[in-house]
Amino acid sequence: MADKKAQLIIEGAAPVELPILTGTVGPDVIDVRSLTSTGRFTFDPGFMSTASCESKITYIDGDNGILLHRGYPIEQLAEKSDYLETCYLLLNGELPTAEQKAQFVSNVKNHTMVHEQLKTFFNGFRRDAHPMAVMCGVVGALSAFYHDSLDINNPQHREISAVRLVAKMPTLAAMVYKYSMGQPMMYPRNDLSYAENFLHMMFNTPCEIKPISPILAKAMDRIFILHADHEQNASTSTVRLAGSSGANPFACIAAGIAALWGPAHGGANEAVLTMLDEIGDVSNIDTFIAKAKDKNDPFKLMGFGHRVYKNRDPRATVMKQTCDEVLKELGIKNDPQLELAMRLEEIALTDPYFIERSLYPNVDFYSGIILKAIGIPTSMFTVIFALARTVGWISHWKEMLSSPYKIGRPRQLYTGYDSRDVSKLEDRK
Ligand code: CMC
């Protein structure tokens with residue numbers, strides 16, 4: 001909706017009128033699309049001041065620590081719904097009725113297995129390959145197996161691909177883990193819930209099937225809900241950008257996985273544990289806090305701070321509660337690494353450097369601790385983030401394709417050489 005206008009005065013040129021668009025909630029945005037007619041562009045590296053699209057899926061108010069999916073607060077979804085309901089909500093816009101939920105769960109369960117031949121892909125990877133490297137490869141490879149649903153202009157195909165991705169990600173993630181361990185890969189079990197099935201495929205073996213703890217399954221489900229979507233972050237924007245070229249959904253999600261891998265984004269939960277290892281002991285904390293504050297030292301406290309949440313991360317609050325439940329269930333006390341994490345949290349919440357910059361523990365700080373306690377190796381943490389975020393990525397991809405869109409093509413401020421001639425090799429100095 002555009003009732004208000006902004007006027008842009010450019011020295012020596014006629015003023016440009018720019019419409020101001022108003023969303024449901026959140027700040028107004030200035031529509032700069034007509035600027036190209038003046039031969040000028042906007043300059044905004046890091047997209048700090050740029051809305052790249054219009055979306056109805058997720059709303060974040062970083063200053064007030066609010067995260068809404070389709071209008072529902074994340075805290076309520078974590079308490080009153082489950083991951084597959086949240087998936088349905090993100091994909092379809094509304095929470096499912098009992099009947100719709102049963103149908104959706106059954107659809108997902110129909111697609112939990114992956115093509116048997118996909119297993120052979122794993123043999124091409126070293127056993128010690130980073131699980132995210134394998135995930136980028138095998139998720140991209142899905143497009144080689146599911147030709148029957150790759151017409152991105154067909155809404156039914158988009159729907160099938162979405163369900164396939166949500167259903168197959170836990171299977172692939174567990175296969176990656178089993179491959180790294182040299183253990184047989186486990187087939188999915190459709191009599192289990194989504195989270196139970198994932199833990200079953202991760203930790204059971206054909207010779208020993210142990211029951212899955214309901215508390216750990218609930219914690220896993222919460223981790224999935226809390227990571228399901230987060231509006232236009234680096235990986236979601238990557239998926240949209242890849243999708244805008246007409247790429248197939250599996251290729252787009254593989255691109256999202258690659259973007260998520262970085263330590264400033266999804267790689268942070270792994271980086272938290274690596275950092276705790278590096279700090280080693282509570283007695284070394286002061287040295288590392290000093291490094292984090294030192295402008296000449298690139299070291300940052302992993303799991304602290306957020307690009308959008310400048311008050312608190314609402315997901316971190318839920319995650320901390322789940323963290324307490326998991327540690328109690330597993331009877332973990334006196335764990336030196338945990339003690340270290342809790343001391344860091346205490347310091348960051350009281351030290352003026354962190355308070356002034358609003359650097360609070362983020363979701364990755366606690367999820368890293370929970371995943372470690374459950375027995376998931378550090379290198380798998382980002383894979384679990386990718387598994388959970390797949391539904392967010394695919395919801396954004398579907399939303400983009402459901403309305404008119406353009407290929408994403410940012411411009412640049414060119415500061416390289418002007419045109420010059422190529423000299424002969426013997427004349428170059
Ligand atoms: N440790 C120490 N100092 C920090 C940290 C940190 N973790 N994060 C930011 N700062 C400082 C930064 O040096 C800057 O200081 P100054 O104002 O003196 O120059 C100030 O705080 C503002 O930081 P910024 O880099 O401008 O903030 P940003 O919004 O660009 O970066 C961030 C956000 C998440 C990349 C950054 O806080 C960070 O690298 N954190 C650690 C990695 C991490 O935990 N990432 C997970 C994010 S949550 C998962 C997700 O949603 O993807």
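Start with the cysteines: there are zero disulfides here, a disulfide being a pair of cysteine sulfur atoms within 2.5 Å. Select Cys207 and you'll find it exposed, at 75% relative accessible area. Cys323, in contrast, is buried at 1%. (Buried means under 20% relative accessible area, exposed over 50%, partly exposed in between, using a 1.4 Å probe and protein chains only.)

Before moving on, note that this is a predicted model, where local features need pLDDT of at least 70, side-chain atom pairs count only at pLDDT 80 or more, and totals for chains, interfaces and linings use all residues. Residues are numbered from 1 along each chain as its sequence is written, and side-chain values use heavy atoms, leaving out hydrogens and water.

Next, select residues 58–61 and 66–69: strands 4 and 5, an antiparallel pair with four bridges. (Strands are DSSP runs of E, at least two residues, and helices are runs of H or I, at least four, numbered from the N terminus; two strands pair if DSSP finds at least two bridges between them.) Four residues separate the two in a hairpin, and Gly65 in that turn has a positive phi of about 65 degrees. Click Thr58 to see its bridge partner, His69.

His69 also stands opposite Tyr72 in strand 6.

Last stop: Lys178 in helix 6, residues 155–181. What is the nearest side chain of opposite charge to Lys178? Glu208, 9.9 Å away. Among the residues Lys178 touches are Met201, Phe203 and Thr205, where contact means heavy atoms within 4.5 Å.

Note on methods:
Lys and Arg count as positive and Asp and Glu as negative; His and the chain ends are not counted. A salt bridge is a side-chain nitrogen of Lys or Arg within 4 Å of a carboxyl oxygen of Asp or Glu. Lists of a residue's contacts leave out its neighbours within four places in sequence.
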